[in-house]
Amino acid sequence: MTLDIVHEKVESIYKTHFGKMVASLLYTFKSMELEHAEDIVQEAFSTAITDWKKKGAPDNPSGWLYTVCKNKALNEIKQRARLEPLNQAIDIPTVESRFSESMLEDQQLKLLFACAHPDLSPKIQVVITLKYVINLKVEVIAKVLAIGIDGVDKILVRARKKIENDKILLEVPSNDELKSRLPIVHKVIYLVFNEGYKSSGGNEIIREELCEEALLLARSLINSDLCTSESLSLYALMLFHAARLKARFSSNGKLLDLENQNRNLWQADLIALGKYYLERSESKPISNFHIEACIAYTHCVATSFETTDWQLICQLYSKLLTGNANPFIELNYAIALYFSGQKEKAFDILNQLEKHPYMKNYFLLNATIGRFHVKENKSDLARLYLEKAVHQTNSALEKEFISTILDEIAMK
């Protein structure tokens, strides 16, 4: 077996089993530290690369890896047991029988709820979900989140301390606790999807895989007893966005806005599936995810950008803002108002957002104002805002997108 084929097979299993193997070691060997469990699993994957290149992959590759993990941990325990009094010795047969691959068949959803622990910050929740549930390596997480590897490492150090102290990955929440964590799980799934959808730090494969993983988690959730109308509307919302994923980039890899996307590339089957779950999700009171899904669906069924029902989208954003003041939603509301013909009201909202301490330095706000000034033939103002925006993003694709508009202004 060639090294490339071995690497491909090992990477494939890593993406589906890394977090489960770590959690299994922690469950089986109660005193093991999280970082040590990760080291054992990493060593098992390294062993697989060396062994499978010489002998070929076994019939049950994931089972083989579980066995290697178990043996490495047991060997360490046996060595330690020789130094301990008999009355403190670990019952190795009991520990060995507790560790199995089959035990973890439903572990991914359990891990997701563990990562949604309310004592963890949203950023930590997302990072450990990417690492232990979606099984991304640190360098990939750094690219996806557009932060340095050192930054991810620091987040993981804080997370590991909390996980070890509170046994977070081992905790099996009660039904009431699971239900109370459901809103956090919804947010984590959506954040993971959005990181994939907007990601320009990774390549196209990473973007699509991350969105697909979030969709798989959402599907597992809606197929569980924990499914609610909010779960259904979240799944519908992500399906509508996923349907447009391939059209967000041109054939030469440039970022395209909604106005310039080729709608023939939008996937009708995903839109139809999203509609099915959107209709199933209707409830009273209507959830924010349901309203957002309705907005996404309105975009999906429009035959062109110009024929989009912008009035309906304005009404939906207005409803979303009721009792839920949010500057990001206000920005989208202003965009909808502009394209519905209510330009003065749109600019009033945008001007107010400029006074917001965070939004004034937000790439999308200044990019939006700049592009609207381009449409209003106000080149000087457009250039001012676009030049500000280009310095507010680390994304090469977003910088290129703005630079293209600035070049068009210069040519006029």
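His241 touches Tyr190, Phe193, Tyr197 and Ala296, leaving aside residues up to four places away in sequence. The histidine belongs to helix α11, which spans residues 229–243. Because its relative accessibility is 15%, under the 20% limit, His241 counts as buried.

The structure is a predicted model. Its protein chain contains 19 helices and zero strands. Of the 412 residues in the chain, 48% count as buried. Among contacts in the protein chain with a separation of 6 or more, 64% are made by residues 24 or more positions apart. The largest nonpolar core comprises 121 residues, and those with the most contacts inside it are Leu25, Phe45, Ile128, Leu130, Ile189 and Met238. Apart from this core lies another, of 11 residues, with Phe363, Leu386, Ala389 and Ile405 among them.

When residues up to four places away in sequence are not counted, Gln125 touches Cys115, Ala116, His117, Pro118, Leu120, Ile184 and Val188. The side chain of Gln125 also reaches the backbone oxygen of Leu120, at 3.1 Å. Between Gln125 and Leu112, which are 13 residues apart in sequence, the C-alpha to C-alpha distance is 9.1 Å.

Two asparagines have positive phi values. For Asn135, phi is near 65°, a positive value in a residue other than glycine. Asn135 is located in the loop between α6 and α7, and its relative accessible area of 3% makes it buried. Asn377 likewise is not a glycine, yet has a positive phi of about 60°. The loop that holds Asn377 runs between α17 (363–375) and α18 (379–390). At 64% relative accessibility, Asn377 counts as exposed, because the threshold for that class is over 50%.

The axes of helix α7 (residues 138–145) and helix α8 (residues 149–166) come within 8 Å and cross at roughly 110°. On the α7 side, Val138, Glu139, Ile141 and Ala142 meet Ile149, Val152, Asp153 and Leu156 of α8. By class, this contact of α7 with α8 has six nonpolar, no polar and two charged residues.

A further pair is formed by α15 and α17. The axes of helix α15 (residues 327–339) and α17 come within 11 Å and cross at roughly 10°. Because angles under 35 degrees count as roughly parallel, α15 and α17 are assigned to that class. From α15, Leu331, Ile335, Tyr338 and Phe339 meet Leu364, Leu365, Thr368, Phe372 and Lys375 in α17. By class, the contact of α15 with α17 has seven nonpolar residues, one polar residue and one charged residue.

Methods
Residues numbered from 1 in each chain as written. Predicted model: local features only at pLDDT ≥ 70, side-chain atom pairs only at ≥ 80, totals over all residues. Heavy atoms only, no water. Core = buried A, V, L, I, M, F, W, Y, C linked by side-chain atoms within 4.5 Å. Buried < 20%, exposed > 50% of the residue type's maximum accessible area, 1.4 Å probe, protein only. Contact = heavy atoms within 4.5 Å. Polar contact = N/O pair within 3.5 Å; in protein donor to acceptor, adjacent residues only side chain to side chain. Axes fitted to C-alpha atoms, helices over the stretch in contact; angles between N-to-C directions. Helix = DSSP H or I, 4+ residues; strand = E, 2+ residues; numbered from the N terminus. Nonpolar A, V, L, I, M, F, W, Y, C, P; charged D, E, K, R; others polar. Parallel < 35°, antiparallel > 145°, perpendicular 65-115°, else oblique.
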